[in-house]
Amino acid sequence: MKLRTILSELPIGGYAVHDEAELGWDMVVSPVWGTGAGTQGVIRLGSVADLAQDGAPATDQGLMLVYEQRDSQGDAGERDAGGRVDPSSEEGVVRCWGRLCPSDFQDAFLGLVRRSGELAARRNQLFECFLDSYDMRQFARKAASVLGNPVIISNTEHKVLAHAGELPTTDDVRSVIKAGYITPEVEQHMREDGIISSVRAARHSIMSERSGEKDRCVTSIIYHHRLEMGRFDVFEATHRMTGLDLELVDFASDLAGIMIDRLGAAGGRLGRGSSILQDALEGTFVNEEALRAHLELLGLSPDDAFVLLRVLGPQDANEDYYARAGAIVQRTMPDVAWCVADGALVLLVSLGPSSEVGFDAYERCERRLGRDRALLQMLQNNDMRAYVCEPFADLVGIRQRLGECRELCEAVRPGEGSSRVVCLWRHRFEVVAHNSELAGAQDMLLDKRIVAMDAYDRAHGTAYLSTAVASVRFPGSPADAAEALSVHRNTYFYRVNKIRDLFHVDLKDGDDRLAVSFSAAIMEGLGGAR
């Protein structure tokens, strides 16, 4: 039983300890008055006279609880909200005071022997629940049964991993269960009430009563290897919770931390990837408003434009490989959420809000990614490529954007030395060509005059198609077109006339120029796809 629990279960008005860290010590309550000295981890009851006669226990001899019958500490100092007082007690001694006579207090103290046995039995039940549970939901259900009150377990991104028991019917609790997340409003209320900061500072569970709410709740931060993994909240719905219950909640919270770590459900803050992004890609969110609200918890503005990057590494790369890569990216790139999905590392990158009337997201994306040396270096050093979808603002359609990344990856096979960042808008026609080829519809996309021109060039070693493309790319500038083709202007004009005569394509006609541009791009894409 923790010293903190012992003191909370005793009928005292206040206490003083030598070191606040002692409150977290596991102690065995000595069942007989004045015995237990010389045994480390034992707390024995003594009087002021015992302390004067025997002195304070040595460092390795446990603690002595010295009780005095009085209403307050008197002139020794002012008590704080928890009944503690400065100056602190001497080393090895815990002082406490209250109204009970010493004999009645002795009975209350020795009654903790039975309570400590009850605590040990319930701790063992919780541990058995942990051993028998294969997921968080099962553990929450069994833990709620042992604790005797409903629980909600959430991760570092406020995602509700599990809940169990008859939860209160308040609006806050209903909104959390419906959304599947600790809503931003509830989180804000808890911060304003100082609940979260108090629990973090204390490093143990705290009973709280939200302002404006009648339900009391025990809030505990889940830790594992000193890392914050989430929250373990228990609502006082079935029976009144005591200090003994708080210690059980702390133990259950520790077990939950082990399970969250084992299941990889802690969230991006612990190198496990964003569970919010994971849910968005799996279509868990029912509306864009909920998704936007929870992306904002990650520091991503819901008014921004975004792109998805599907990052692929070597063929033998597995989930752990991509998780490590994601953790590296998160340390170097601001405004990014990541997860491992679809057999790759998926990044959601914010491009910020647009300040222009036109569509400048392509330019902003290429500037953002192109200037990120850490990302480019990681891609280069690890033989990885990032496939970038169309910029988007409709977050509900995020699954479609991941599909675009996948199609881009399948359509484009970059050669040696090509860019590590492959953007859809730079390879749009290759994707269209690839998809049409899969559907058997590529023939419908091609103007047969352009196909004939390409076939003629292949058979006779001419360059009519490249000349037609140059004419489209350098409109109204024959000199630039000829220079791009490395031919004389007269040669360029000769070819343009022959194109009209041989293939019935007039490069002065807008529709024919569009046919050249589109068909040539599709044919190039088909060639790249093969």
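**Sheets, packing and cysteines**

Colleague: Which residue is the bridge partner of Leu 45 in E4?
Modeller: This is a predicted model in which local features need pLDDT of at least 70 and side-chain atom pairs count only at pLDDT 80 or more, while totals for chains, interfaces and linings use all residues. Residues are numbered from 1 along each chain as its sequence is written, and side-chain values use heavy atoms, with hydrogens and water left out. Strand E3 (residues 42-46) runs parallel to strand E4 (residues 63-69), the two being joined by four bridges, and in E4 the bridge partner of Leu 45 is Leu 65.

Colleague: How many bridges join E11 to E13?
Modeller: Both strands belong to another open, mixed sheet, ordered E12-E13-E11-E14-E15. Strands E11 (residues 305-312) and E13 (residues 344-352) run antiparallel, and the number of bridges joining them is seven.

Colleague: At about what angle does helix H12 run to E13?
Modeller: Angles run from 0 to 180 degrees between N-to-C directions, with axes fitted as lines to C-alpha atoms, for helices over the stretch in contact, where contact means heavy atoms within 4.5 Å. Helix H12 (residues 361-370) lies across E11, E13, E14 (385-388) and E15, and its angle to E13 is about 115 degrees.

Colleague: How many disulfides does a search of the whole structure find?
Modeller: A disulfide is counted where a pair of cysteine sulfur atoms lies within 2.5 Å. For Cys 405, the nearest cysteine sulfur, that of Cys 389, is 4.5 Å away, and Cys 405 is in no disulfide. Over the whole structure, the search returns zero.

Colleague: Is Cys 405 buried or exposed?
Modeller: Relative accessible area, computed with a 1.4 Å probe and protein chains only, decides this: under 20% is buried, over 50% exposed, and in between partly exposed. Cys 129, at 10% relative accessibility, counts as buried. Cys 405 has a relative accessible area of 0%, and therefore Cys 405 is buried.

Key. Two strands pair if DSSP finds at least two bridges between them.
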